[in-house]
Amino acid sequence: YVPVFFNIHFQDHEGWKAVESHIEWFRRTHVDFVNVKYEYFPQIQPVSSVDDWKKIKPFDPSVWDEQLLVVRELKRELGSEALIIPTVFSPLRVLIQTAGSQLSTDKEGRRHFVELIRQNPKAIKPALDAVTQSLVYYIREARKAGADGFYISSQGDDLEEFGGGVFADIIKPYDRQLSDVAAEVAPFNILHICETGGTFTPETFNDYLDYPGSVINPPLHNWKDKSLTLTDISKLFRRPVLGGLNNRSQALKDGNLTALKAEVDEILSSAPSNFIFGADDSVFNDVDQEVLRKLVDYIHTWRQTHKSK
């Protein structure tokens, strides 16, 4: 049996509508995990210069109330059927959102803040510390609310952003805190290495080897020059891998089930035995859920139907 983890960014962000969206996705797609994932928009604390980073303060705890409600209700509704795994965005991403680039689609806004950070990387430490404090609070409270573990999204080490020195020296100590706290409070956590459109080398990828996490979700389709396979990554981290499919697959976008099954055949024929099928990152919000359900059912039975191959 090959378990499956696919997720999307839900359009409903608050209250029972968000709960219903997550339940509908879980029921319609037959995935094996309940990933609590929707955009979080912190109150903007504007940053226009390097000196403004020190103005960013920890969030009021009440900003998490709606997310905690969704976790609590999903645990009540689906907790007997699947693990409830909220996404926790990286301190870097949340800091950039807090500074004024709220949407993940705001590529220009993100680039502006990346350049501002590069001017004086050490200047962001107080801001990263403030944001990390708030995210640690959320992890602890979400666990109390019913989360079985977390999908910890790490960000910033791709070559087009900070790749190496700035990440390792400035960003990683805060980024790593989230994985450490998740490992302290919960039995099952996924380390999602997010690429934000950039690329990795095996050398920069090594920055994550000392992170805790039950499972690794790598940016499998974002390597520069030499790439690593699912089996390579499983051996490197000495733990199971989640992934395989390019989350921007044309077949997925087109809803072409035949082409998707061919991709699954290729992935599973060489995947490590201890493996969760998924994608590099969240799939298209408007993905055809009926096609996805049929694909998930195909993956679930793949090892039984392909025994002789």
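Which exposed residues does the face of α4 turned away from its buried side carry? That face carries Glu108 and Gln119, where exposed means over 50% relative accessible area and buried under 20%, with partly exposed in between (1.4 Å probe, protein chains only). This is a predicted model, in which local features need pLDDT of at least 70 and side-chain atom pairs count only at pLDDT 80 or more, while totals for chains, interfaces and linings use all residues. Residues are numbered from 1 along each chain as its sequence is written, and side-chain values use heavy atoms, with hydrogens and water left out.

**Helix α4**
- Gly109, Arg110, Phe113, Val114, Leu116 and Ile117 are the buried residues of α4, and they line one face of the helix because, seen down its axis, they fall within an arc of 160°, taken from the directions from the helix axis to the C-beta atoms.

**Largest pocket**
- A pocket is an open set of points on a 1 Å grid over the protein atoms alone, where a 1.4 Å probe fits, with protein on both sides within 12 Å along at least five of seven lines; lining residues have an atom within 4 Å of a point.
- The largest pocket holds about 850 Å³ of space, the volume being that filled by probe spheres set on the points, which are joined across faces, edges and corners.
- Of its 39 lining residues, His9, Arg93, Ser104, Lys107 and Arg248 are the closest to the centre.
- Elements giving two or more residues to this lining are α3, α4, β4 and β5.

Terms used. Helix = DSSP H or I, 4+ residues; strand = E, 2+ residues; numbered from the N terminus.
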